[in-house]
Amino acid sequence: MKPLSAFSDSGGGIAIIMLHGDPFDRSMWRDQIEFLSTLGYRAIAPDLRGFGENVAQTSVGEPAEANHRLKSVPLSTMADMAREVLELMDALKIDQAAICGLSMGGYVAFEFVQLFPARTRALALAGTRAPADNEPERQARFQQVEQMLAKGMGGIAEASLPKLLAPRTVAEKPEVVARLREMILLADPQGAAAAQHGMAARRDYSNDSVNVPTLIIVGRDDPIRPVADAEFMHARIPGSRLEIIEDAAHMTNMEQPEIFNRALLDFLSRLTH
Ligand code: MLT
């Protein structure tokens, strides 16, 4: 496995590694990188395997039995992504980092803290959830994979935008809508398919013990990973903090960057050095 080769790395101080969702790339963290890197943090955001400039990273893996419809589809597992984040930390000589993941990035963060607890300073989990997919959800992923491989990302972008963004964002922030649409359209269908495959195969994180300071963020209007998913994690992760962001759906950090940034900064600033 090669360390992730495409990443942003700005500022100095406590490291925070930001992991994007699917089918996005590291540019979704632009506002957070700008904000944190000027306030004494080292803000790092990689393109996870198969995304952004790391499109060559996907590899063909062994599909799980339940995923027979994906036999020929490459597999990017959440655990492999977590291992690649560790390799990036090693390459950058970072001993410990706060890991912040949105949605799929949150699954990778769950894997990371289990695999490498000593390297995890804290977790920030946004728009994500602990349980694995149920069978209908897996089937829906397989349909998406078939669609993206056959027709590209256009249909996915148009179908998903109204769920990713709150009505207020769509009405009042056309630049956010445009940025997100462009990000999805630029995604590599093979890479996104491999991640869908990996998410379908991911394990249930509900009973993992998470013993690091944890911030949970959710958009009040998120239909994909609703508030109940965040409350479930909040109830299970000892001492965790929950931040519900109004007028945001799935892409809280892009829709309400000031509120997201403040919540993150407040959380990070309470970590003892
Ligand atoms: C994401 O935003 O990363 C996806 O919605 C995650 C998922 O499909 O579970």
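## Asp208 and its surroundings

The side chain of Asp208 forms a polar contact with the side chain of Arg203 at 2.9 Å; a polar contact is a pair of N or O atoms within 3.5 Å, where, within protein, one atom must be able to donate a hydrogen and the other to accept it, and residues adjacent in sequence count only if both atoms are side-chain atoms. Asp208 belongs to the loop between α8 (189-200) and β6 (214-219). Helices (H or I, at least four residues) and strands (E, at least two) are DSSP runs, numbered from the N terminus.

Asp208 is buried, its relative accessible area being 16%. Here buried means under 20% relative accessible area, exposed over 50%, and partly exposed in between, with a 1.4 Å probe and protein chains only. Apart from neighbours within four places in sequence, Asp208 is in contact (heavy atoms within 4.5 Å) with Phe110, Gln114 and Arg203.

## Basis of the model

This is a predicted model, in which local features need pLDDT of at least 70 and side-chain atom pairs count only at pLDDT 80 or more, whereas totals for chains, interfaces and linings use all residues. Residues are numbered from 1 along each chain as its sequence is written, and side-chain values use heavy atoms, with hydrogens and water left out.

## The ligand site

The residues surrounding the ligand are Gly21, Asp22, Phe24, Ser103, Met104, Tyr107, Arg141, Met199, Ile224, Arg225 and His250; a residue is near a molecule or strand if one of its heavy atoms lies within 4 Å of it. A polar side-chain atom of Ser103 is placed 2.9 Å from an oxygen atom of the ligand. For Met104, a backbone N or O atom lies 2.9 Å from an oxygen atom of the ligand, and for Arg225 a polar side-chain atom lies 2.9 Å from an oxygen atom of the ligand. Taken alone, the ligand exposes 270 Å², of which the protein buries 92%; accessible areas come from the Shrake-Rupley method with a 1.4 Å probe, and for residues only the protein chains shown count as cover.

Ser103 lies in the loop between β4 (97-102) and α3 (104-115). Ser103 is buried, with a relative accessible area of 9%, and has a positive phi of about 55° although it is not a glycine. Asp22, also listed around the ligand, is joined to Pro23 by a cis peptide bond with omega of about 0°. Pro23 is in the loop between β2 and α1.

In helix α1 (residues 30-37), the buried residues are Gln32, Ile33 and Leu36. They cover an arc of only 100° around the axis, so they lie on the same side of α1; the arc is that of the directions from the helix axis to the C-beta atoms. The cover over the buried residues of α1 includes β1 (7-10), β2 (14-19), β3 (41-46), α10 (252-255) and α11 (257-269).

Helix α5 (residues 154-164) has Ile156, Ala157, Ser160, Leu161 and Leu164 as its buried residues. They cover an arc of only 125° around the axis, which puts them on the same side of α5. An α-helix has 3.6 residues a turn, so residues three or four places apart point the same way. Among the elements covering the buried residues of α5 are α4 (135-151), α7 (174-186) and α10.

## Helix α11

α11 has 13 residues and reaches 18 Å from its first C-alpha to its last, close to the 18 Å expected at 1.5 Å a residue. The expected span is 1.5 Å times one less than the number of residues.

The buried residues of α11 are Pro257, Phe260, Asn261, Ala263, Leu264, Phe267 and Leu268. They cover an arc of only 160° around the axis and therefore lie on the same side of α11. Glu258 and Arg262 are exposed on the other side of α11.

## Partly exposed residues

Glu87 is in helix α2 and is partly exposed, with a relative accessible area of 24%. Glu87 and Leu4 are 83 residues apart in sequence and 7.6 Å apart in space, C-alpha to C-alpha. Thr77 and Glu87, by contrast, are ten residues apart in sequence and 15 Å apart in space, C-alpha to C-alpha. Thr77 lies in the loop between β3 and α2 (78-91) and is partly exposed at 22% relative accessible area.

Asp247 occupies the loop between β7 (241-245) and α10. Asp247 is partly exposed, with a relative accessible area of 25%, and its phi is near 55°, a positive value in a residue other than glycine.
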